[in-house]
Amino acid sequence: MNFEWIAKYWPLLIEGAFQTVALLVISVGFGFVLAVGLAFARVSGGPVIRNLALGYSTVFRGTPLLIQLWLLYYGVGSLLPMVPGLRQSFLWPILREGFFFAAVSFTLNFAAYQSEVLRGALLSVPKGELEAGRSLGMSPLMLIRRIWLPRAIRTALPTIAGEIVLQLKATPLAFTVTVMDLYAVAFKVRQDTLLVYEPLLVVTLFYVVLTALITRAFGVVEAQVPIRR
């Protein structure tokens with residue numbers, strides 16, 4: 001085993017790790033917000049809204065993430081330069097990067113899966129608790145904010161943790177659209193040094209450590225907010 005290359009490539013490794021964590025945080029953060037809206041649309045929306053949310057979830061859960069990423073990057077991305085004035089706008093430095101398309105596709109995909117988790121959690125909240133809130137004069141928004149959503153999130157915490165870990169393991173797909181994430185750095189090291197196992201072992205260790213941290217963090221949260229059934 002030869003790990004001498006780390007002394008030369010450690011700045012790239014740090015940058016790659018940052019890109020990986022950034023993709024995870026952005027996709028999970030924005031994806032969770034979108035998932036909440038989709039879940040409530042499925043549970044309490046009208047027929048049109050409910051079917052639209054179901055269609056969104058079906059499409060994104062029924063197609064591979066890699067295809068979604070390529071459709072955005074090679075499809076939508078190839079059309080953006082044709083938009084008048086976009087190249088001269090302040091948005092162009094962001095929209096021309098593969099990171100943007102990776103973040104968008106990961107976010108949309110995570111939201112689809114997470115919305116199904118939250119939908120089940122929302123339906124599992126005892127109706128008696130919701131009726132008690134209504135009897136106290138809570139508005140629908142207050143009922144969601146103080147009872148329905150917090151109760152559902154507590155129930156879904158273990159599954160949410162698992163979905164975040166799965167999202168972490170999907171981030172290497174960003175390499176296919178020129179994002180210099182941690183896997184891309186390992187690929188570059190392999191090309192430059194002809195070392196195969198050592199870069200992959202470093203990447204593996206990073207993912208194992210980050211997965212352990214995520215699991216531990218959710219374990220602490222679960223211990224602080226025990227689920228009462």
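Accessible areas in these legends come from the Shrake-Rupley method with a 1.4 Å probe, and for residues only the protein chains shown count as cover. This is a predicted model, in which local features need pLDDT of at least 70 and side-chain atom pairs count only at pLDDT 80 or more, while totals for chains, interfaces and linings use all residues. Residues are numbered from 1 along each chain as its sequence is written, and side-chain values use heavy atoms, with hydrogens and water left out.

**View 1. The whole chain.** The accessible surface of the chain comes to about 13,000 Å², of which 69% belongs to carbon and sulfur atoms. The chain has 9 helices and 0 strands, where helices (H or I, at least four residues) and strands (E, at least two) are DSSP runs numbered from the N terminus. Along its principal axes, the C-alpha trace spans about 70 × 50 × 30 Å. Of the 229 residues, 40% count as buried, a term that stands for under 20% relative accessible area, with exposed for over 50% and partly exposed for values in between (1.4 Å probe, protein chains only).

**View 2. The surroundings of S105.** S105 lies in helix α5, which covers residues 98–124, and counts as buried because its relative accessibility is 1%. Leaving aside residues up to four places away in sequence, S105 touches L65, Q68, L69 and L72, contact being defined as heavy atoms within 4.5 Å. A polar atom of the S105 side chain also lies 3.0 Å from the backbone oxygen of A102.

**View 3. Aromatic pairs.** The structure holds 9 aromatic pairs. The rings of Y73 and Y74 have centres 4.9 Å apart and planes at 85°, so this pair is edge-to-face. The rings of F175 and Y183, with centres 5.1 Å apart and planes at 85°, are likewise edge-to-face. Rings of Phe, Tyr and Trp (its six-membered ring) pair if their centres lie within 6.5 Å, and planes under 30 degrees apart count as stacked, over 60 as edge-to-face and the rest as tilted. Y74 is partly exposed at 48% relative accessible area, as are F175 at 25% and Y183 at 28%. Ring pairs also link W70, Y73, Y74, F100 and F101 into a cluster.

View 4. Y197 is found in helix α9, which covers residues 197–224, and is exposed, with a relative accessible area of 59%.

Methods:
Polar contact = N/O pair within 3.5 Å; in protein donor to acceptor, adjacent residues only side chain to side chain.
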